[in-house]
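Here are some notes to read alongside the structure, written as numbered points. Please keep the sequence and the model in view while going through them.

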Amino acid sequence: MSNWLFNEFDSVSAKQWKQKIQFDLKGADYNDTLVWKTNEDISVKPFYHADDFKDQLEISKIETSTWKICQSIFVADAKKSNKKAIDAIERGAESIKFIIPSESISINNLIENINPESIPLYFELQFLSESYIEELTAITSNTRIHILTDIIGHLAKNGNWFHNLKDDFSKFKTITTYTKSFSIDVSLYQNAGATIVQQLAYALAHANEYLNYFENNKEIPPIHQITFNVSVGTNYFFEIAKLRALRILWDILATEYNANSNCYILATPTKRNKTLYDYNTNMLRTTTECMSAILGGANSVFNLPYDAIYHKDNEFGERIARNQLLVLKHESYFDIVNNPSDGTYYIESLTQQLTEKALYLFKNIEKNGGFLKQLKEGTIQRKIKESLSKEEAQFSAEEEILLGTNKHPNTEDKMKQELELYPFVKTKQRKTLIEPIIEKRLAEKTEQERLKNES
């Protein structure tokens with residue numbers, strides 16, 4: 001459209017818009033009526049304007065149209081998982097994430113007839129083995145693979161190292177020599193109840209522990225790739241801004257170490273807001289969460305089946321989850337427009353504020369000894385628990401809504417006979433080096449009471 005069409009209209013400043021809104025409020029206070037605060041201590045305004053930005057907005061480095069549909073597969077049997085992966089690829093999956101629990105899994109059998117040159121592969125290993133990584137990288141050399149190795153993430157989640165600090169970092173050093181990459185499990189913090197600012201700051205501090213280690217071990221080859229495993233929540237625009245802020249923060253940190261500033265983001269919907277009762281609403285939640293992941297710039301998105309918290313892996317649930325992504329890509333055209341969030345004043349403002357607040361918190365963590373020290377002292381765990389408690393209080397007061405659970409529940413809904421998996425936090429007394437960070441769903445207490453009262 002020709003620019004002259006717009007030249008006929010006078011521009012309206014942010015101040016003029018605010019004055020007009022204040023007039024229409026007929027005496028009500030602008031801030032008290034229309035501005036609200038989030039758990040991240042961000043004030044959300046009723047409108048955003050170019051005047052809110054001192055500098056010209058930059059174009060994103062990532063092209064959001066290039067995202068891949070990913071299928072996550074837990075590997076109990078290599079040949080069966082191979083068939084499952086091939087079937088998923090034939091049905092629309094464009095990348096595969098294999099979760100490998102032990103060294104007995106044969107890589108050759110697992111990736112037979114799968115071409116990693118055209119299908120990116122992610123390998124999440126639940127063990128630490130130099131020889132297994134050496135074999136894996138030899139078989140899949142010069143291909144598009146991502147080996148997800150995160151010893152600090154294992155410590156944070158389980159409370160113990162795989163072996164001990166010295167041995168784990170020694171093995172980690174050898175593994176990164178083979179892979180020239182490492183990963184950060186950011187999803188743990190989100191699923192445990194951390195705010196978005198905390199998730200970003202902890203991800204940065206977590207990564208900084210590795211970069212410090214590399215800085216002190218010059219013989220390790222340059223790291224070419226970092227992968228962030230991210231869980232995406234239901235706060236639509238904030239989650240878009242979260243992923244954008246994560247890239248900015250990593251670029252800042254990587255530049256300080258002269259490391260590769262590019263990163264991969266592997267995103268999935270959070271488990272935190274998923275519910276046992278009225279479980280079909282989980283499909284609505286995962287749809288918007290996948291949309292946030294795509295618009296935020298995730299490289300690969302793997303969806304969470306609507307029944308994942310209480311059913312074992314099943315063909316129907318996985319097909320529905322994959323089809324949600326196929327609809328977004330091929331019918332909603334989420335693979336056509338590059339970076340539609342660019343220049344959106346609201347999202348750009350959120351991105352800047354999240355970046356600044358996360359950077360401030362990160363610097364505070366480093367000032368107080370770093371991420372590992374604060375994990376050992378229990379500071380990180382305590383801060384997440386505080387955020388968790390605040391959100392649970394909001395849930396109880398119906399300020400945080402989960403439709404079908406704490407708002408408009410179907411009292412006739414029965415789930416006791418449907419449980420194939422235990423859907424709540426499992427408690428097991430064991431000795432740990434640190435207090436583990438525990439993932440917990442928001443609706444657990446309510447659901448346990450309803451299950452107990454089922455006739």
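1. A residue is called buried when its relative accessible area is under 20%, exposed when that area is over 50%, and partly exposed in between. The model shown here is a predicted one, and these words are used throughout the points that follow.

2. A search of the whole structure finds 24 aromatic pairs. In one of them, the ring centres of Tyr-306 and Phe-316 are 6.3 Å apart and the ring planes stand at 90°, so this pair is edge-to-face. Tyr-306 belongs to the loop between β10 (300–302) and α13 (315–330), while Phe-316 belongs to helix α13, ten residues apart from its partner. Tyr-306 has a relative accessible area of 12% and is therefore buried, whereas Phe-316, with 40%, is partly exposed.

3. Another edge-to-face pair is made by Tyr-422 and Phe-424, whose ring centres lie 5.5 Å apart and whose planes meet at 85°. Here Tyr-422 counts as partly exposed because its relative accessibility is 47%, and Phe-424 counts as buried because its relative accessible area is 9%.

4. Aromatic residues can also be followed as a group: Trp-161, Phe-169, Phe-172, Phe-182, Tyr-210, Tyr-213 and Phe-214 form one aromatic cluster. Two other rings have a charged side chain over them, for Lys-329 lies over the face of Trp-67 at 4.4 Å from the ring centre, and the charged end of Arg-450 sits over the ring of Tyr-277, 3.8 Å from its centre.

5. How do the axes of helix α6 and helix α8 cross, and within what distance do they come? The axes of α6 (residues 130–139) and α8 (residues 165–179) come within 9 Å and cross at roughly 5°. Angles under 35 degrees count as roughly parallel, and therefore α6 and α8 are described as roughly parallel to each other. On the α6 side the contact is made by Glu-130, Ile-133, Glu-134 and Thr-137, and on the α8 side by Ser-170, Lys-171, Thr-174, Ile-175, Tyr-178 and Thr-179. Sorted by class, this contact has three nonpolar, four polar and three charged residues.

6. Is Asn-82 buried or exposed? Asn-82, which is found in helix α4 (residues 78–90), has a relative accessible area of 6%, so it is buried. When its neighbours within four places in sequence are left aside, Asn-82 is in contact with Asn-109, Leu-110, Ile-111, Glu-112 and Ile-114.

7. Leu-442 lies in the loop between α16 (379–396) and α17 (444–453), and with 6% relative accessibility it counts as buried. The C-alpha atoms of Leu-442 and Arg-272 are separated by 5.7 Å, although these residues are 170 residues apart along the chain. Not counting residues up to four places away in sequence, Leu-442 touches Arg-272, Glu-391, Glu-392, Phe-395, Glu-400 and Leu-402.

8. Two backbone details deserve a look. Lys-180, in the loop between α8 and β7 (181–185), has a positive phi of about 55° although it is not a glycine, and its relative accessible area of 29% makes it partly exposed. Glu-398, in the loop between α16 and α17, is likewise not a glycine and has a positive phi of about 60°; at 39% relative accessibility, Glu-398 counts as partly exposed.

Key. Residues are numbered from 1 along each chain as its sequence is written. This is a predicted model: local features need pLDDT of at least 70, side-chain atom pairs count only at pLDDT 80 or more; totals for chains, interfaces and linings use all residues. Side-chain values use heavy atoms; hydrogens and water are left out. Axes are lines fitted to C-alpha atoms, for helices over the stretch in contact, and angles run from 0 to 180 degrees between N-to-C directions. Helices (H or I, at least four residues) and strands (E, at least two) are DSSP runs, numbered from the N terminus. Angles under 35 degrees count as roughly parallel, over 145 as roughly antiparallel, 65 to 115 as roughly perpendicular and the rest as oblique. Contact means heavy atoms within 4.5 Å. Ala, Val, Leu, Ile, Met, Phe, Trp, Tyr, Cys and Pro count as nonpolar, Asp, Glu, Lys and Arg as charged, and the others, Gly among them, as polar. Buried means under 20% relative accessible area, exposed over 50%, partly exposed in between (1.4 Å probe, protein chains only). Rings of Phe, Tyr and Trp (its six-membered ring) pair if their centres lie within 6.5 Å; planes under 30 degrees apart count as stacked, over 60 as edge-to-face and the rest as tilted. A charge sits over a ring if NZ of Lys or CZ of Arg is within 6 Å of the ring centre and within 35 degrees of the ring normal.
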